[in-house]
Amino acid sequence: MIATTVGGGYINGTAESVASYGLVWTVAPLGIFCGLSLGGIIFARVMRDRKYVTMLDPFQDQYGHLQVLLVYLATLCGDLFWTASILSALGTSLSVIIDLPLTATICVSSAVTVSYTMIGQLIAVAYTDIAQLALITFGLVLSVPFVLTNENVGDITANSSQWMGSLDRTSSLTWVDLFIAMTFGTIPWQAYFQRVLAVRSGTQARVLSIIGGCGALVLVIPSILIGAASVSADWNVTSLKVSPLEIGESRMVLPLVLKEFTPTPVALLGLGAISAAVMSSMDSSILGSSSMFTHNIYNNIIRPQAKNWELLVVQCVAVVTVGVLATVISLHVRIIYGLFILAADIVFVIVLPQLSCALFLPRTNAYGALIGYGVGLLLRLGAGDRDLHLVPFIPYPYYTPAHGQLFPFRTFAMICSALTIFIISELFRSLFSLGIIPRKLDVLKAFSPSTVTLPSQSTTEHSIALVGHSAEPVYRPQAEHSIALVGHSAEPVYGPQAEQSNCVRRAEVRDL
């Protein structure tokens, strides 16, 4: 979990943000710590106890195939931006420390990572995790004393006001918005859930998540100190002759500090730490996206009858495709931290409300999820993005061309998306229940009962509760059904959480 979180974008991006905006505005470390902790407390145990395979499984159960496709596109964008920031970090470090062309280093790094991920799959991910934790702990931690004691760096406490940054009343809402988005945007990632769902129990999943958050917070300290040192350093005595911030190369802060203010062997160890972090996080990201495509899109929607060898081929093709797309993005976007934040924005505004409703609000349905998806996407894109040159077309309150969006638009968009899912779901439920809209017009199959089949005892997705004297079918949007025998009349109950509903009914009967 720690290895997946502490990637190249996290390490390089933190140093870049401290040097450019100040520690106050570097919200990713604290946000990721809080996000992983909350993810373990709220989401991890629920997902593991329900025995889901990927993050998209709740959507497949609750909302059907169309919403799975839409949510996958959002998570794919998040993974692509995250992977691109990781690749850019490694390419930048290699080009600075060993003097190789940036484009060549990014392409070679991507090719190596995609190759061993395609061949090794989860085994490759596990081994690079071990290598990363060892190298980052030894490499970056070892470099910090050399940087801080270099005669050309000086005392970082002397100008702490520069690298600490400041927070005034005008920008406080923006800071809160960024922090909330970074915190909850850390949770809905397949790279995170594939770790959570791999452990033996829900309790272990919760503990793993919290430990991962603590480890990520500790391992970011070297990056913070290096970012502070770059502000205090005398760049006139270096080969660059000028601060990287003054020439628009803020993303090169960490590798340049290692190159200019540490001995060559120490700089190479730091490069090894960055390389290991990048490999571990990148392979987790592209493996997560390709796994969701193979399991939820190809196998569940396109070809349910696909053989194992066919799925393996599709998985390999998906790994290569995601890796190539991330490489192209990393070559054309020059702001690492901006990509990192935008990836969290996408999953926070769009995926988080969808996942929360699918897990904890069983009355929501595909109609609410579809419209909520569109509302969240529209409100987030309408705010624009200065780093990626997206022009805003929704002037939120306090907007100015000079300062941009000062309104907490991310949190606003997420809340609006969640409320839309719930309200529209209830509206369509009432319309279909009252017969205002005929059941034959239920194009998303949210309320249309399918043929009920008796499940086998070995199937974990199905259950039969014998309570009372009559049968009450509980329908899923897919072909997974459960039968609960409750009361004296047969009344269909719609929704995917049949097994959970049966457990509640059994508890009620025991109380009676």
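**Surface patch and buried helices of the predicted model**

Ile41, Ile42, Ile210, Phe360, Leu361, Ile415, Leu419, Phe422 and Ile423 make up a nonpolar patch on the surface, with about 740 Å² of accessible area together. Patch residues have over 30% relative accessible area and no salt bridge, nonpolar side chains (Val, Leu, Ile, Met, Phe, Trp, Tyr) being joined within 5 Å; a salt bridge is a side-chain nitrogen of Lys or Arg within 4 Å of a carboxyl oxygen of Asp or Glu. Two or more residues each come from helix 3 (28-49) and helix 18 (409-433), and helix 18 gives the most, with 4 residues. Ile42, in helix 3, is partly exposed, with a relative accessible area of 35%.

The model is predicted: local features need pLDDT of at least 70, side-chain atom pairs count only at pLDDT 80 or more, and totals for chains, interfaces and linings use all residues. Residues are numbered from 1 along each chain as its sequence is written, and side-chain values use heavy atoms, without hydrogens and water.

Helix 13 (residues 253-261) is largely enclosed by the rest of the structure, because 8 of its 9 residues are buried (under 20% relative accessible area; exposed, over 50%; partly exposed, in between; 1.4 Å probe, protein chains only). Among them are Pro255, Glu260 and Phe261.

Gly91 lies in helix 5 (residues 65-97) and counts as buried, at 0% relative accessibility. Beyond its neighbours within four places in sequence, Gly91 is in contact (heavy atoms within 4.5 Å) with Leu102, Thr105 and Ile106.

Methods:
Patches are made of residues with over 30% relative accessible area and no salt bridge: like charges are joined within 9 Å, nonpolar side chains (Val, Leu, Ile, Met, Phe, Trp, Tyr) within 5 Å. Accessible areas come from the Shrake-Rupley method with a 1.4 Å probe; for residues, only the protein chains shown count as cover.
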